[in-house]
Every structure is written in structure tokens, then in C-alpha cells.
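Keep the structure open beside the text and follow along.

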Amino acid sequence: MNFRDFWLSNISEKNPRFKALLFDVDGTVVSGRTALPGAENFLQYLRQSGTPFCFLTNDSDHSQAEKAVRIGKSQVTAYADEIISCGNALSIFVEKEKLAGSKVFIMGRLGDPDYAELAGLIPCRDLSGIDECSFVIAGEGHYDFLRTAEAVTNYFLRHPERKLVVPNPDSVWPNNGRVGLCAGSEARFIANILKELQINIEPIYLGKPHTMIFEYARDFIKKKFALNDLQDSEIIMLGDSLASDIAGAKRFGCKSALMMTGLTTPEILAHTLPEEMPDMIFDSIA
């Protein structure tokens with residue numbers, strides 16, 4: 001069964017069980033630079049019917065507008081206000097920790113406009129000013145990682161009580177048959193060095209499979225679609241990754257739908273523990 005048919009049967013009920021959708025991007029609606037069959041038509045149907053949905057991405061290197069353009073190159077229409085990045089979840093962290101107005105050191109990029117600024121922080125990338133910063137954010141993209149990592153390591157030696165925030169927890173991203181390193185692996189590299197030096201810094205992750213990105217998405221949908229009574233259990237997360245999309249949905253408390261169009265193969269699924277199984281499995285989106 002494809003997901004579109006399932007969704008149409010859900011909304012045909014007098015009291016639909018599900019009211020909102022969260023989509024992973026790669027392996028769910030696109031594959032590389034190609035739209036997966038039926039994805040574009042289904043998304044257009046959701047927009048025309050006023051169905052609440054958004055895309056969830058662990059890409060903190062690109063702003064929502066930049067990510068919409070990148071998705072569009074795969075022949076899937078996406079708009080900036082439909083995209084939730086792990087970078088957006090910084091606002092949840094800043095609010096919980098009461099850090100608005102704080103100066104923060106950023107390793108690399110965090111989109112343009114900068115997600116740190118959008119969260120009410122004052123970004124700093126000048127190594128000479130790192131000690132003036134309240135905490136460190138592991139960003140993305142190309143920058144002088146060795147020099148930056150040395151400065152950040154020494155920062156935590158001087159300030160072991162401060163935090164290392166990591167919007168994107170992923171280790172790698174696919175890059176034309178190779179892989180590139182993500183913020184998650186770079187942050188863990190620094191944390192492991194510090195552990196050898198008897199400094200225990202636990203990275204604070206914001207993106208999938210961690211819950212802050214889901215919290216932000218739920219609150220965003222509630223506000224955008226005036227769904228104040230929306231329950232977490234009435235949201236479905238569609239994705240192709242057991243470790244990211246499905247684990248994140250289960251941790252957050254929404255329903256999980258595994259799409260067999262990306263990372264997860266039948267062989268991988270066959271060896272998945274019962275407690276890690278998705279609530280639903282679909283061969284395709286449409």
C-alpha cells in the first residue's frame with residue numbers, strides 16, 4: 001500500500017486519527033536530484049486541501065529559503081515556510097535555557113540568515129573572542145576545522161561548565177558516491193578529545209532523532225494552521241531512516257511511517273528489534 005491511499009482513507013473517516021504530516025526529504029520525497037514517483041502530486045494535493053505538513057531536515061548549513069531552492073532542483077516544490085531545520089530548534093533551546101541575547105561562538109555556517117541570530121543570539125566566529133561567548137554551536141560547511149577545533153577544545157578546558165550545542169547530530173552526508181562530515185561527527189571528535197583530558201562535555205543535539213526539532217515542528221504547525229488542540233499522537237513522521245526519522249518519532253511520541261524508498265532495505269528491516277519498528281511501513285509515497 002502506498003502512503004497516499006492510506007492518508008485518503010484516514011481523512012475520509014468522520015474523526016480522522018491523524019491531522020498533520022512531517023516529511024523527511026532525501027529518500028522520502030526525493031532520491032538524489034530526482035523526485036520520487038507521485039511525491040510532487042501528493043504534496044500539491046496536501047497544499048490545495050489545506051492539510052498541515054512540513055519538511056524536517058538535519059541540514060543546518062542552509063536557511064529555509066536556501067533549502068527550498070535545493071529541494072526544488074529535484075523537481076519537488078518546496079516553500080521556505082514549509083521547511084523546519086534542526087537550526088530552527090535553536091530557538092527552543094535558547095528559550096528553555098533563557099539565553100536570549102547571549103554571545104555564542106559558531107563553528108562554521110548556520111544558514112543565511114543565520115539560525116543563531118533568528119534564535120535571538122549574537123553570533124561570533126572570531127577565535128580571539130571565543131572566551132566572551134556563553135557556549136559553542138557546531139555549525140556546518142567549509143571552514144578551518146583544525147584551527148577552530150583546537151580553539152574550542154581549549155575553550156572547554158578553561159570553561160568546562162559551558163555547553164556544546166549541535167543542531168545536526170548526523171555523522172556524514174552523501175556526496176556523489178563519497179561522504180562529507182557533518183557537525184555531529186566534528187562535535188563528537190572534540191568531545192572525545194576532552195574526555196581523554198578528563199573533561200566531560202556532553203553535546204546537546206537538536207535535530208532528528210532528538211526531540212527539539214519535533215517540538216519546534218509541532219508548535220509551528222499549531223500556530224500556522226490554528227490547531228491549538230493538536231496532539232503529538234495525531235502527527236505522522238514519514239521517513240526512510242530507522243535511526244533518524246523513526247527513532248525520532250518514537251522518542252517524541254508521534255506516529256512513525258517508514259518509507260521503503262531510501263536507506264532502509266528489507267534485509268535491514270528484517271533484523272530490526274520489535275521496539276524499534278515503525279508504526280507503519282509503505283512501499284512508496286504514492
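Ile-106 stands opposite Ile-137 in β8. This is a predicted model, in which local features need pLDDT of at least 70 and side-chain atom pairs count only at pLDDT 80 or more, while totals for chains, interfaces and linings use all residues. Residues are numbered from 1 along each chain as its sequence is written, and side-chain values use heavy atoms, with hydrogens and water left out.

The strand names here, like the helix names, come from DSSP runs numbered from the N terminus (helices are H or I with at least four residues, strands are E with at least two). Strand β6 (residues 103-107) runs parallel to β8, and four bridges join them. Strands count as paired if DSSP finds at least two bridges between them. β8 also pairs in the parallel sense with strand β9 (residues 164-166), over two bridges. There, Ile-137 has Val-165 of β9 as its bridge partner.

Is each face of β8 covered or open? Both faces of this strand (residues 135-138) are covered. Phe-135 and Ile-137 are buried on one side, and Val-136 and Ala-138 are buried on the other. Buried means under 20% relative accessible area, exposed means over 50%, and partly exposed lies in between (1.4 Å probe, protein chains only). In a regular strand the side chains alternate between the two faces of the sheet.

Helix α4 (residues 90-97) also meets β8. Its buried residues are Leu-90, Ile-92, Phe-93 and Val-94. They pack against α5 (115-118), β8, β9, β12 (204-205) and α8 (212-224), where contact means heavy atoms within 4.5 Å. After α4 comes Lys-98, with a positive phi near 55 degrees.

Now turn to another sheet. Six strands form an open sheet with parallel pairing, in the order β5-β4-β1-β13-β14-β15. β5 (83-85) and β15 (280-282) stand at the edges with a single partner strand each, so one side of each has no neighbour in the sheet. From one strand to the next, the twist averages 25 degrees. Strand β4 (residues 53-57) pairs with β5 in the parallel sense over three bridges, and Leu-56 has Ile-84 in β5 as its bridge partner. Helix α9 (residues 242-252) packs on the sheet, touching β13 (235-239) and β14 (255-259). The direction of α9 makes about 160 degrees with that of β14; axes are lines fitted to C-alpha atoms, for helices over the stretch in contact, and angles run from 0 to 180 degrees between N-to-C directions.

Where is Thr-28? Thr-28 is found in the loop between β1 (20-23) and β2 (30-31). With a relative accessible area of 0%, Thr-28 is buried. Leaving out residues up to four places away in sequence, Thr-28 touches several others, including Phe-23, Leu-36, Leu-238, Met-259 and Ile-285. The C-alpha atoms of Thr-28 and Ser-241 are separated by 9.2 Å, although these residues are 213 residues apart along the chain.

Charged pairs come next. A salt bridge is a side-chain nitrogen of Lys or Arg within 4 Å of a carboxyl oxygen of Asp or Glu, and by this rule the count comes to 15 salt bridges. Here are some of them.

| Pair | N to O distance |
|---|---|
| Glu-82 and Arg-47 | 2.7 Å |
| Arg-109 and Glu-66 | 3.5 Å |
| Arg-125 and Asp-114 | 2.7 Å |

For the second pair, Arg-109 counts as partly exposed at 33% relative accessibility, and Glu-66 counts as partly exposed at 23%.

Finally, have a look at Leu-181. This residue is found in strand β11 (residues 178-181) and counts as exposed at 58% relative accessibility.
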